[in-house]
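Work through the exercises below with the sequence and the structure at hand. Try each task before reading its solution.

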Amino acid sequence: MSCLTAKTLADPVVVVSVTDFGAKGDGRTDSSQAFVMAWTSVCSSEVPATMYVPRKRFLVSSPVVFQGPCNGTKIEVKIDGSIVAPDGVESLGSSDSWIMFSHVEGLVINGGAFDGLGSSLWGCKSSQQSCPEGPTTLTIFGSNNVVIRRVTSINAKLYHIVVHSCENVTLEGVRIYAPKDSPNTDGIHVQHSVNVRILDTGIRTGDDCVSIGPGTRNLWIQRVACGPGHGISIGSLGKGLEEDGVENVTVKNVVFSGTQNGLRIKSWGRPSNGYVKGVVFKQVVMNDVENPILIDQNYCPRNEGCPNQNSGIKISGVTYTDIKGTSASQVAMKFDCSDTFPCMGIGLQDIELTYQKQPAKSFCKNVRGMALGVVNPPSCL
């Protein structure tokens, strides 16, 4: 362990390398225990501390939890190298997370790559064998004042990054890569969290680029490129009767390219006390997107547990402004809202979406709102 001096002698920084505890960085030798020992050292520091991962390829073959709370509130994980998961369908057992930071205050994860080596598990799932669900690559749980900067996630076995039960989290300059046919590889999933920002990020994956779960408030997404993938989705919501709502979400300056969906709100077609309110979508470009604008309140996969029921999710105050580009399907705007609780306060302004160089069509059911400057606006607005 070495101690470096910061800009003032009153603010020293402890720097601990994972190699100090035996991590080899040869891509073959398990470094799980060395990473945990390095974390224990920085977490116990009373002064700002950095856990350093050098420019090598480190195999972490077991699920690892970097547990807080720590003695200090300024901890950086500086990654110049790559952290690699074990290959194989059963390689991480039934764990739901590979790398987790839990209850850490003032965490900064800076740089580096996480390689989930997910292709074996994807192949198992595509062949409809009995397979584990797989773990999320990077989970931030129960933590506040967190920054994830210039991190790359490759080929996650399941989700790439999950932010759950957190407050004040910024993801900036993140890059996410997985093939378009990789199942359930959501790029960034946010749930039960407040004041999360996703900025200047590029996501190419096989599921939602960003998925927004129950209990999300004050989420800001700006300057994000999505595609391939399934778009930016609020939901699916309403799977359970008792569920926290989603509110105050802004999606701005986003580009979708070749995605299955663009801006989507999705809820199960069955009773629930959840809600979505105060959502702003603006300054968005669609490039050959199958469903550019979609509210689907009749989600019922395999027609199990929800046929002939209505969604209880109450959707209100959702605005779409300055949405332009091309649709890969004839119907570019589809609002399929609940018979029991119609979508209220839906606003459309300056929407220009084309299909095969002609104005695209729209569909709506159970919607209340208004449209201004919209080519082929939904008939119910």
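**Exercise 1.** What is the torsion about the S-S bond of cysteine 337 and cysteine 343, and is the disulfide left-handed or right-handed?

*Solution.* Keep in mind that the model is predicted.
- Step 1. Find the bond: cysteine 337 and cysteine 343 are joined by a disulfide, S to S 2.0 Å.
- Step 2. Read the torsion about the S-S bond: it is about -100°, so the disulfide is left-handed.
- Step 3. Check the burial: cysteine 337 and cysteine 343 are both buried.

**Exercise 2.** Where do cysteine 43 and cysteine 70 lie, and how many residues apart in sequence are the parts they tie together?

*Solution.* 
- Step 1. Confirm the link: a disulfide joins cysteine 43 to cysteine 70, with S to S 2.0 Å.
- Step 2. Cysteine 43 is in helix H1 (residues 32-43), and cysteine 70 is in the loop between strand S6 (64-67) and strand S7 (75-79), so the pair ties together parts 27 residues apart in sequence.
- Step 3. Take the handedness: with -100° about the S-S bond, the link of cysteine 43 and cysteine 70 is left-handed.
- Step 4. Apply the cut-off for buried, under 20% relative accessible area. Cysteine 43 has 9%, so cysteine 43 is buried. Cysteine 70 has 15%, so cysteine 70 counts as buried too.

**Exercise 3.** Classify cysteine 124 and cysteine 131 as buried, partly exposed or exposed.

*Solution.* 
- Step 1. Start from the bond: cysteine 124 and cysteine 131 form a disulfide, S to S 1.9 Å. Its torsion is about -95°, so this disulfide is left-handed.
- Step 2. Cysteine 124 has a relative accessible area of 5%, so cysteine 124 is buried.
- Step 3. Cysteine 131 has 23%, so cysteine 131 is partly exposed.

**Exercise 4.** Where is serine 143 found, and which residues is serine 143 in contact with, leaving aside its neighbours within four places in sequence?

*Solution.* 
- Step 1. Locate the residue: serine 143 sits in the loop between strand S12 (136-141) and strand S13 (144-149).
- Step 2. Judge its accessibility: the value is 0%, so serine 143 counts as buried.
- Step 3. List the contacts: Phe101, Ser102, His103, Val104, Ser165, Cys166, Glu167 and Val169.
- Step 4. Look for polar partners. A polar atom of the serine 143 side chain lies 3.0 Å from the backbone oxygen of phenylalanine 141.
- Step 5. Follow up one of the contacts, Cys166. Cysteine 166 is buried as well, because its relative accessibility is 4%.

Terms used: Residues numbered from 1 in each chain as written. Predicted model: local features only at pLDDT ≥ 70, side-chain atom pairs only at ≥ 80, totals over all residues. Heavy atoms only, no water. Helix = DSSP H or I, 4+ residues; strand = E, 2+ residues; numbered from the N terminus. Buried < 20%, exposed > 50% of the residue type's maximum accessible area, 1.4 Å probe, protein only. Polar contact = N/O pair within 3.5 Å; in protein donor to acceptor, adjacent residues only side chain to side chain. Contact = heavy atoms within 4.5 Å. Disulfide = S-S within 2.5 Å.
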